[in-house]
Amino acid sequence: MNYFLHISVLLEIYILLALSANQKVGLSGLLTLAQAVFYGVGAYVTAILITKLGFSYWLAMPAALLTCVLVAFLFSFIAGKVRDLYFSLATLAIQIIFFSIVYNWISLTNGPYGIAGISSPEIFGLKINSPGSFALFGAVWVLFVVLFYIWFLKTPLCRMIQATRDDQIAVLSLGKNPNYYKGVSIIISAVIAGIAGTLYATYVTFIDPSSFTLDESILILSIVLIGGAGGIIGPISGALIYILLPELLKFMKMPDSVAANMRMILFGLLLVLIVRFKPKGIFGKYLIK
Amino acid sequence: MSEILKLEDLSKSFEGITPVKDVSFSINKQSITLITGENGAGKTTLFNLITGLEKPTKGHVHFNGTSLTGKSALDIARQGVIRLYQQPRLFKNLSVWENLVSAAHRNSGDNFLSLIFNNRAVKSEETKLKQKAIDLLRKFGLEDLSDQNAGELSYGQQKLISFCMIAMNGTKLALLDEPFAGLNPQTIDRLSDMIVKMKEEGMTFIIIEHNISRALKISDSHLAMREGSLVRE
């Protein structure tokens, strides 16, 4: 039972990450290679504030999300200056810089040794530290974000974000600022990835730079590619496939050590098949370019 | 009729080339002005200078009595000077009515804080804008396309919709870059009717067009350019 609940927590974290990446990639057309940066900022700021300054989760979490917003301003500035492939390359550079900072700033992040002993959130004196309580806690966040999107996707602002994705010169020609719409989108995406980061740090209670690498950013992007960009169902189904694939392998009596590698092989194969035969992804509304 | 646009000694030079040389003219409100000239005559650069995509080396642009010189493309578009490119630029993953509503000059729902704190007003404005978009489509006989995805429309339909978008935007001065290019005679007739109707309702047009005979039928004045200069007025 605990194992099932543990899988549920991971699934919730990846659903949030996929929805956050979908905001940038699917709704804004900004092909980012640095989604793990916001995930990492959320996790590291939470971990540092809790372990070094004794903050509670409820103080550390808003501070972490605020930091994500500040980093999002940097991304927005870049998105205002460069487009398409150049934006992707700029995010790649930021991803590498972020990893170098958390790996080498040992006095703050403890470098490759990571930060341990991150305390769990508490609600009305009850510690959320069992897989069951955390699965419920994560589910509340996922529900909150999904409800947000059910509302947000129908708003005029989201429509303008998608219009900017389709043709930002047309948006500018109509007297509207495309950088504003891209900026709002990047901030929303950053906050959702930051929430995933705070959840991860307080669930695992230990973080190190290996969770926030370029590989992780590409994995998050692949989840959106497979599930499909532009809606809600696509990113969620992508996360479901990624998390539940190794569980299916267990039914095939495959040992855990083999299943872990097999998961990445199958996931990669699926990605190739999707790109070839269903380029919008399984439930995609928008073709990522 | 009062003057809406005035160009004074407008010039643009770069790397030893002067694509626009001392161009001066003025345009009245509710008029259609045709600009012709061979490729490389400086017509597109002139549009770029008026819309702020390029800064003039010399001279001034006045719109409705205020100077546009030095203003950004965004500021100029916000004043109601809108350019339509030769290729229609629609939001291809949105429906036709969504394209029109997106083109509306003011929409409080574009603002995140308004969405959160003034959602009722946003919804009411959205309903009104959608109705206005559908009315506009009906006026030009395009209401059947309302729910269609803009990316699925034919080239001609996309051009017609892009004209509805400038009408929705409340454009005062529309700069049209080869509006008739690539269209069949029926669609050209339809587009010409739309332009004339919009002019009657208050819009002013400057048109660059190579289909001169067709464009002259709806134009009030004709300017010709050669090697960056105005050669006929």
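Colleague: In this predicted model, which residue of S8(B) does B:Ala174 stand opposite?

Modeller: B:Ala174 stands opposite B:Phe205.

Colleague: What makes S7 and S8 of chain B paired strands?

Modeller: Pairing needs at least two bridges found by DSSP. Strand S7 (residues 173-177) of chain B is joined to S8(B) by five bridges. Therefore the two count as paired. They run parallel.

Colleague: How do you know that strand S3 (residues 32-36) of chain B pairs with S8(B) as well?

Modeller: Apply the cut-off of at least two bridges. Four bridges join S3(B) to S8(B), so they pair. The direction is parallel here too. As for a specific partner, B:Thr33 is bridged to B:Ile206 in S8(B).

Colleague: Why is S8(B) called largely enclosed?

Modeller: A residue is buried if 20 or more other C-beta atoms lie within 10 Å of its own. Five of the five residues of S8(B) are buried, so the rest of the structure largely encloses the strand.

Colleague: Which residues cover each face of S8(B)?

Modeller: On one side, B:Thr204, B:Ile206 and B:Ile208 are buried. On the other, B:Phe205 and B:Ile207 are buried. Both faces are covered. In general, side chains alternate between the two faces of the sheet in a regular strand.

Colleague: How does confidence stand for S8(B)?

Modeller: Within chain B, S8 (residues 204-208) has the highest confidence, at 95. The lowest belongs to strand S10 (residues 229-232) of chain B, at a mean of 81. Chain B averages a pLDDT of 91, and 99% of the residues score at least 70. The model scores ipTM 0.88 and pTM 0.90.

Colleague: Why are S2 and S5 of chain B called edge strands?

Modeller: Four strands of chain B form an open sheet, in the order S2-S1-S4-S5, with antiparallel pairing. S2 (17-28) and S5 (66-67) each have a single partner strand, so one side of each is left without a neighbour in the sheet.

Colleague: What makes S4(B) and S5(B) a pair?

Modeller: Two bridges join strand S4 (residues 58-63) of chain B to S5(B). The cut-off is at least two, so S4(B) and S5(B) pair. They run antiparallel. B:His62 stands opposite B:Ser67 in S5(B).

Colleague: What makes the phi of B:Glu178 worth a remark?

Modeller: Most residues other than glycine have a negative phi. B:Glu178 has a positive value, near 45°. The residue lies in the loop between S7 and helix H7 (185-200) of chain B.

Colleague: Is A:Thr32 buried or exposed, and what does it touch?

Modeller: A:Thr32 has 29 C-beta neighbours inside 10 Å, so it counts as buried. It lies in the loop between H1 and helix H2 (35-53) of chain A. Leaving aside neighbours within four places in sequence, A:Thr32 is in contact with A:Ala21, A:Lys24, A:Val25 and A:Thr91.

Colleague: How do you know that the end-to-end length of helix H11 of chain A agrees with expectation?

Modeller: H11(A) has 19 residues (233-251) and should span 27 Å at 1.5 Å a residue. Its end C-alpha atoms are 26 Å apart, which agrees. The helix does bend, by about 40° at A:Leu244. A proline, A:Pro246, follows within four residues.

Colleague: What do the buried residues of H11(A) pack against?

Modeller: They pack against helix H1 (2-27), helix H10 (214-227) and helix H12 (256-277) of chain A. Among the buried residues are A:Ile236, A:Tyr242 and A:Ile243.

Colleague: How many residues does each chain give to the contact?

Modeller: Chain B gives 23 residues and chain A gives 18 residues. H2(B) supplies the largest share of chain B's side, four residues. By class, that side has 10 nonpolar, six polar and seven charged residues.

Conventions. Residues numbered from 1 in each chain as written. Chains lettered and ligands numbered in written order. Predicted model: local features only at pLDDT ≥ 70, side-chain atom pairs only at ≥ 80, totals over all residues. Contact = placed C-beta atoms within 7 Å. Nonpolar A, V, L, I, M, F, W, Y, C, P; charged D, E, K, R; others polar. Expected span 1.5 Å × (residues − 1). Bend = angle between axes of the 7 residues up to and from the residue. Buried ≥ 20, exposed ≤ 12 C-beta atoms within 10 Å, placed from the backbone. pLDDT = per-residue confidence, 0-100.
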